[in-house]
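Subject: A structure for you to look at

Hi,

Here is the structure I promised to pass on. Please open it next to this email and follow along as you read.

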Amino acid sequence: MGQKKLIRFNEINSFPNVLQYPLDIKGKWKYFFKNKNPLILELACGKGEYTVGLALIYPAKNYIGADIKGNRLWVGAKNCLDKKITNAAFLRTQIEKINNYFEPAEVDEIWITFPDPQLRKSKAKKRLTHPRFLRLYHQILRPGGFIHLKTDSPDLYQFTKLVINTYKLNIVEDNPDVYSTKSLTPELNIHTHYEGLNIAKSNRIFYLCFTLPSVLDDNDDNFYELIK
């Protein structure tokens, strides 16, 4: 491990806005933030640009960026400390374990911004909009809470639309070319490091906003047949 990473890992242990695999935070975020404001979760937040950006735009909401990479979380956490942003925090954990840290309906919205699209079919279960992840989100998201996906991957965008249709999810917004939209909302104007890399080479950004039904249909057999 490089010296820079070692320094960051050492520093992040003392950051008051970073929780690493906390054992007793479920149901207690209102005490952590010292208010009962809506709680917004960003998954696989990377360097935290979206978490920080949203926190600046909406100071009356609380934001949590979750990622497994402490070296990346350091960037967002340090930015918040330097700017004295108190309505954002960072959670270091695996996304597969996210429901260990929140009570049912404790989360108001979920953002998924430029995640690894896991393009190989054998890796489909790792896509953060796969039904197995949606079932985790269903456990912690309030009824009617939004899930936002912003990606440069046409494959992940189409995959997510397939999930939405198969499991009868509710589309709130479907935008296949974000930056061609006039009067773009402030939250969709936030840019991230990974967006700038343009890894997918698609030259456009896709956005989906959807909600989960009260009961997720058990359409797994049909779904797995469709993605073969």
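Let's begin with strand β4, where both faces are covered: Ala88, Phe90 and Arg92 on one side, and Ala89 and Leu91 on the other, are all buried. Buried means under 20% relative accessible area, exposed means over 50%, and partly exposed lies in between (1.4 Å probe, protein chains only). Helices (H or I, at least four residues) and strands (E, at least two) are DSSP runs, numbered from the N terminus. Five of the five residues of β4 (residues 88-92) are buried, so the strand is largely enclosed by the rest of the structure.

Before we go on, a word on the source: this is a predicted model, in which local features need pLDDT of at least 70, side-chain atom pairs count only at pLDDT 80 or more, and totals for chains, interfaces and linings use all residues. Residues are numbered from 1 along each chain as its sequence is written, and side-chain values use heavy atoms, with hydrogens and water left out.

In β4, Leu91 is the bridge partner of Leu19, while Ala89 is the bridge partner of Ile64. From β3 the chain crosses through helix α4 (residues 70-83) to β4, and this β-α-β crossover is right-handed. That term applies if, with the strands pointing away from the viewer, the path from the first strand over the helix to the second runs clockwise.

Now zoom out to the whole sheet. Eight strands form an open sheet in the order β1-β4-β3-β2-β5-β6-β8-β7, with mixed pairing. At the edges stand β1 and β7 (170-175), each with a single partner strand, so one side of each is left without a neighbour in the sheet. As background, strands of a sheet pair through backbone hydrogen bonds, either parallel or antiparallel. For an antiparallel case, look at strand β6 (residues 141-151) and strand β8 (residues 206-211), which are joined by five bridges. Here Lys150 stands opposite Tyr207 in β8.

Strand β2 is worth a visit too. Five of the five residues of β2 are buried, so the rest of the structure largely encloses this strand. Leu39, Leu41 and Leu43 are on one side, with Ile40 and Glu42 on the other. β2 runs parallel to β3, with five bridges joining them, and Leu43 stands opposite Ala66 in β3. The chain gets from β2 to β3 through α3, again in a right-handed β-α-β crossover. β2 also pairs with β5 in the parallel sense, over four bridges; there, Ile40 stands opposite Glu109.

What covers the buried residues of α3? The covering elements include β2 (39-43), β3, α4, β4, β5 and β6. The buried residues of helix α3 (residues 49-57) are Tyr50, Thr51, Val52, Gly53, Leu54 and Ala55.

Finally, find Asn100 in the loop between β4 and β5 (107-113). Asn100 is partly exposed, with a relative accessible area of 44%. Asn100 and Tyr21 are 79 residues apart in sequence, and 9.4 Å apart in space, C-alpha to C-alpha.

Happy exploring!

Definitions and conventions: Two strands pair if DSSP finds at least two bridges between them. Contact means heavy atoms within 4.5 Å.
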